[in-house]
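Welcome, and thanks for taking a look. Please have the sequence and the 3D view open side by side as you read.

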Amino acid sequence: MYTKALPARTGKESPVSDFLDTLSFRELSGQFLATQNPARLFRMADTIDPIDRYEPTSGKHLHAQSALETEEYEDLPALSIVLAAYNGEPYIREQLMSIVCQMEHQDELIVSLDPSNDNTQQIIQNIQSTNVDLNILLVHGPGQGLIANFENALGYAHNPVIVLSDQDDRWKGDKLDVIRHEFAKNPKLAALVHDARICSEEMETLEPSFMKAHGSKNGLFQNLVRNSFIGCCMAVAKPVIDACLPFPKPIPMHDQLIGLQALRMGEVEFIDEVLVDYRRHDHNASQLHPSSLGEQIRWRMQIVKALWKRKPQSRAH
C-alpha cells in the first residue's frame with residue numbers, strides 16, 4: 001500500500017538524453033548562428049549570472065581534534081534520498097539494499113513509483129516492512145515520464161541535503177558518509193558531484209571512471225556547453241532544489257538544470273571518489289551515446305531559457 005502524505009506533482013514528459021557528447025563550443029556557436037534569432041539566446045545566456053549565495057541554516061559546524069591532527073564534524077546533516085522508479089524489478093532491490101544499509105535514523109528515502117506492470121511495488125514494500133526503523137516513503141508517481149517522476153519525489157524531500165538515485169545502480173558502502181562530511185565541512189556547498197564506475201548489466205567494468213571517460217568539468221559556462229552533471233552522482237542542498245521546483249517546461253533533463261542552478265547559488269565540488277556502480281543496460285532511461293546535433297542545440301536552448309526564467313524567483317533564503 002502506498003503512503004500518501006502530500007498531493008503528487010504533475011508535469012509533461014520531457015525527452016531524456018545523456019548530454020555527455022563531445023560537441024565543442026565552436027561547433028555549437030556555429031550552429032546557433034544558423035538558427036532563428038540566435039542573438040537573443042546569447043543575451044539570455046549573459047543574464048545567467050550567479051545570484052545571491054544562500055546561507056544554510058542547518059547549524060553545521062566543524063571543530064579540530066588537534067591530538068589526532070584530524071577534523072571531525074558536528075551535526076552531520078540529515079539526508080533525503082529520492083529515487084524515481086518504474087518497472088524496476090530486475091535491479092531495484094539490489095539498489096535499495098545498498099542504500100538502506102547506509103541510512104541513519106534522521107534520513108529519509110522517498111521512492112516515487114510510476115504505474116508499473118511488474119513487481120517493483122512489492123519489492124519496495126518488502127524492504128519497507130523489513131526496515132521499519134527507517135523512514136522509507138513510497139508514493140504514487142504521476143506516470144508522465146522520468147523528469148516528472150523525479151519532480152514528484154523531490155517534492156516530498158525535507159532534509160537539508162538531497163541525494164538523487166537511479167533505480168538500477170549500486171551504491172558503494174561509504175557514499176552517504178562521504179556526502180555528510182563534505183556538506184558539514186563546507187557550509188557554502190550547494191552541490192557535490194562524485195565519480196562512478198560505468199558497468200555492464202552484469203556489473204562488469206566498462207569504464208573505471210565516469211569523470212575521466214567523459215571529461216567532467218566544473219563551471220557554469222562549461223556545463224552549458226557540455227554537461228557534466230549526472231543525477232546518480234549528485235547530492236544537492238535543499239535550497240537549490242526549492243529554487244528548481246516546479247521544473248520549467250520543457251527541459252531536456254532535470255540533473256543538468258539542478259547542477260547549473262547550484263552553480264548560481266553556491267559552491268559546487270567535483271570529487272574523484274567512485275561512489276556508485278553505474279549500470280548500463282538496454283532499458284536505461286538515459287543513454288550514453290551521442291544525440292543528434294539538432295537535439296543537442298535544441299536542448300541547450302531549453303536549458304538557457306529555463307535558467308533565465310528561473311532567475312527572478314530562485315533566490316534561496
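Let's begin with Asn-87, which counts as partly exposed because its relative accessibility is 25% (partly exposed lies between buried, under 20% relative accessible area, and exposed, over 50%, with a 1.4 Å probe and protein chains only). Although Asn-87 is not a glycine, its phi is positive, at about 45 degrees. You will find Asn-87 in the loop between β3 and α3 (92-100). Helices (H or I, at least four residues) and strands (E, at least two) are DSSP runs, numbered from the N terminus. Met-203 is another non-glycine residue with a positive phi, near 70 degrees. Met-203 sits in the loop between β8 (189-199) and β9 (205-207), and Met-203 is buried, with a relative accessible area of 13%. For background, most residues other than glycine have a negative phi, and most peptide bonds are trans.

The loop between α9 and α10 deserves a visit too, as Pro-246 and Pro-250 both lie there. A cis peptide bond links Leu-245 to Pro-246, with omega about -10 degrees. Lys-249 and Pro-250 are also joined by a cis peptide bond, with omega about 0 degrees.

## How the model is read

This is a predicted model, in which local features need pLDDT of at least 70 and side-chain atom pairs count only at pLDDT 80 or more, while totals for chains, interfaces and linings use all residues. Residues are numbered from 1 along each chain as its sequence is written, and side-chain values use heavy atoms, leaving out hydrogens and water.

## The chain as a whole

The chain holds 11 helices and 11 strands, and 55% of its 317 residues are buried. Of the contacts (heavy atoms within 4.5 Å) between residues at least 6 apart in sequence, 80% join residues at least 24 apart. The chain exposes about 14,300 Å², of which carbon and sulfur atoms supply 50%; accessible areas come from the Shrake-Rupley method with a 1.4 Å probe, and for residues only the protein chains shown count as cover.

Which strands and helices do the buried residues of α5 pack against? They meet β3 (79-85), β4 (108-113), β5 (135-140), β6 (161-165), α9 (238-244) and α10 (254-265). Helix α5 itself spans residues 146-154, and eight of its nine residues are buried, among them Ile-147, Phe-150 and Leu-154.

Leu-154 also has a place among the residues with the most contacts inside the largest nonpolar core, alongside Val-82, Leu-109, Ile-179, Phe-247 and Ile-258; this core has 81 residues. Strand β8 gives the most to this core, with seven residues. A nonpolar core is a set of buried Ala, Val, Leu, Ile, Met, Phe, Trp, Tyr and Cys residues joined through side-chain atoms within 4.5 Å. Leaving aside residues up to four places away in sequence, Leu-154 touches Val-82, Ile-162, Leu-164, Ile-241, Leu-245, Phe-247 and Ile-258.

## A histidine in β8

His-194 belongs to strand β8 and is buried, with a relative accessible area of 2%. Its side chain makes a polar contact with the side chain of Lys-175 (2.8 Å). A polar contact is a pair of N or O atoms within 3.5 Å; within protein, one must be able to donate a hydrogen and the other to accept it, and residues adjacent in sequence count only if both atoms are side-chain atoms. Beyond residues up to four places away in sequence, the residues that His-194 touches include Met-211, Cys-232, Cys-233 and Glu-273.
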